[in-house]
Amino acid sequence: MQPTAPQPLDGLPRPQPVTGLILTGGGARAAYQVGVLAALAQLRRDAGVTQGNPFPIISGTSAGAISASALACHADDFDGAVDGLLHLWQGLHVEDIYRADAFEAVKSGARWVSMLSLGWAIARWTRSRPRSLLDNEPLRQLLMRYLDMGRVESMLAGGHLRALALTGSSYSSGQHVTFFQTHHHVVPWLREQRMAVQTRLDLGHLMASSAIPFIFPAEPLDFEGDVEWFGDGSMRQSAPISPAVHLGADRVLVIGAGRMKEPEGRRRLEVGSHPSMAQIAGHALSNIFLDALSVDVERLRRINRTLALLPREARSATALRPIELLVIAPSRRLDDLAGEHQASLPKSVRAMLRAFGVSGRGKKTSGSALVSYLLFEPSFIGELVNLGMSDTLAKRAEVQRFFGWPARAPQIDPASLRRGRSAGFAASAPDSLR
């Protein structure tokens, strides 16, 4: 049974707030989001809420765009969609995302090392211009099998979904573009270096949004009558929460993939030595994927605090409105976690990463940030899923207040939740996600 809206003094029921979900990028790190979603689904069932879609507005970027699309395609069965995502992520291997056989990995790594050291000669005499470090054609094939983007339209028509937004960044024009699909009237927004375009979303938008810079190749998309090359939507993303707000969300759940809730304190590796290419690349990727979200969360909280200080007349005179916000982010450093599991990578991939300076083990791994984005292996994925569940259950009271669910304690722990939901997948998951 859905929770009822509180009764105001005038006796008229207030409409339920529209909830938006923000799923950010981060390559393999996005498995954390699936753990959060699994725990939310369990808390929702514990509260006796079994009908409807808790997230009528969904916005995804990079790897988060894939999970966002899966939820949108099955907005009429939230629990089944989450089950499907669990099954999909827990069964992933590197080979499902990018070519990792010895020949392909060595060839890709060799091309980049050669270009960096003898770039002008290679480009002139062999015309070798590698498009990316890795070939993500396996990901395309995986998404073609597991996702039917045509279902988004039927979910919108059936009232199960209000809007889906996927974000990419154009290498051709420099524009940061949010592509969205909705049946509601939405005026596409235009801001400095970022804009929105209403369209029918397809596999190309997913591939573009998840094309990690340097790592995966850009994707061509039709854009305003021309073909432009797009890459990961986390690049130049100054306002990750903005799409959900523009699309009509009154409250927003943000699921991050690092930094915001991680333990404080400085981390220093190999003091005095020059950082390796892997360390620099990991630092750059973390800046792309993680920093903008932290800044935007703080900006929204600051706006909410400012609006709360204004008298009612002043608030009504501004276009700004308060947005209720809940953030769930990892309580552990995912870099360290990746270092503990890097040995599960195929030997060919480990050899390629060593050429870029990845070395050491565990928390002392140099370049572990880079590894964390590429470690699509069950040991790491499983740890992230469990961490997402644990972090969410630890915020149980906040989650219940945010959604207005009755305060009932869950009856199972995260480990049994993971086993139970995975075991029940075959009976309940959508066919397209099996």
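**Ground rules.** I number residues from 1 along each chain as its sequence is written, and I use side-chain values from heavy atoms, with hydrogens and water left out. Because the model is predicted, local features need pLDDT of at least 70 and side-chain atom pairs count only at pLDDT 80 or more, while totals for chains, interfaces and linings use all residues.

**Strand E3.** I took helices (H or I, at least four residues) and strands (E, at least two) as DSSP runs, numbered from the N terminus. I call a residue buried under 20% relative accessible area, exposed over 50%, and partly exposed in between, with a 1.4 Å probe and protein chains only. Strand E3 spans residues 163-170, and eight of its eight residues are buried. I checked both faces: Ala163, Ala165, Thr167 and Ser169 lie on one side, and Leu164, Leu166, Gly168 and Ser170 lie on the other.

I then looked up the partners of E3, where two strands pair if DSSP finds at least two bridges between them. E2 and E3 run parallel and are joined by five bridges, with Ser59 the bridge partner of Ala165 in E3. Strand E4 (residues 176-182) pairs with E3 in the antiparallel sense over seven bridges, and there Ala165 stands opposite Phe180. E3 and E4 form a hairpin with five residues between them, and Gly174 in the turn has a positive phi of about 85°. E8 also runs antiparallel to E3, joined by three bridges; Gly231 in E8 is the bridge partner of Ser169.

**Strand E9.** I found five of five residues buried in E9 (residues 251-255). Arg251, Leu253 and Ile255 point one way, and Val252 and Val254 the other. E9 pairs with strand E1 (residues 19-23) in the parallel sense over five bridges, and Leu23 stands opposite Ile255. Five bridges also join E9 to strand E10 (residues 324-328), again parallel, with Val252 opposite Leu325.

**Cavities.** I worked on a 1 Å grid over the protein atoms alone, where a cavity is a set of points where a 1.4 Å probe fits but cannot get out, and lining residues have an atom within 4 Å of a point. Grid points are joined across faces, edges and corners, and a volume is the space filled by probe spheres set on the points. I counted four cavities of 30 Å³ or more. Helix H2 (63-73), helix H3 (78-90) and helix H6 (137-146) each supply at least two lining residues, and H6 gives the largest share, four residues.

I sorted the lining with Ala, Val, Leu, Ile, Met, Phe, Trp, Tyr, Cys and Pro as nonpolar, Asp, Glu, Lys and Arg as charged, and the others, Gly among them, as polar. The lining of the largest cavity came to 13 nonpolar, three polar and no charged residues.

**Helix H15.** I noted 17 residues in H15 (residues 378-394) and a reach of 24 Å from first C-alpha to last, close to the 24 Å expected. The expected span is 1.5 Å times one less than the number of residues. Its buried residues include Phe380, Leu384, Leu387 and Asp391.

**Aromatic pairs.** I paired rings of Phe, Tyr and Trp (its six-membered ring) with centres within 6.5 Å; planes under 30 degrees apart count as stacked, over 60 as edge-to-face and the rest as tilted. I counted 10 aromatic pairs. Phe55 and Phe403 are edge-to-face, at 5.8 Å centre to centre and 75° between the planes. This pair links distant parts of the chain, 348 residues apart: Phe55 is in the loop between helix H1 (31-46) and strand E2 (57-61), and Phe403 is in helix H16 (residues 396-403). Both Phe55 and Phe403 are buried. Phe402 and Phe403 are also edge-to-face, at 5.0 Å and 85°. Phe55, Phe78, Phe402, Phe403 and Trp405 form one aromatic cluster.

**Loop residues.** I found a positive phi of about 60° at Ser62, which is not a glycine. Ser62 is in the loop between E2 and H2 and counts as buried because its relative accessibility is 1%. Glu224 has a positive phi near 55°, lies in the loop between strand E7 (219-223) and strand E8 (226-232), and counts as exposed because its relative accessibility is 61%.

Notes:
On a 1 Å grid over the protein atoms alone, a cavity is a set of points where a 1.4 Å probe fits but cannot get out, and a pocket is an open set with protein on both sides within 12 Å along at least five of seven lines; lining residues have an atom within 4 Å of a point.
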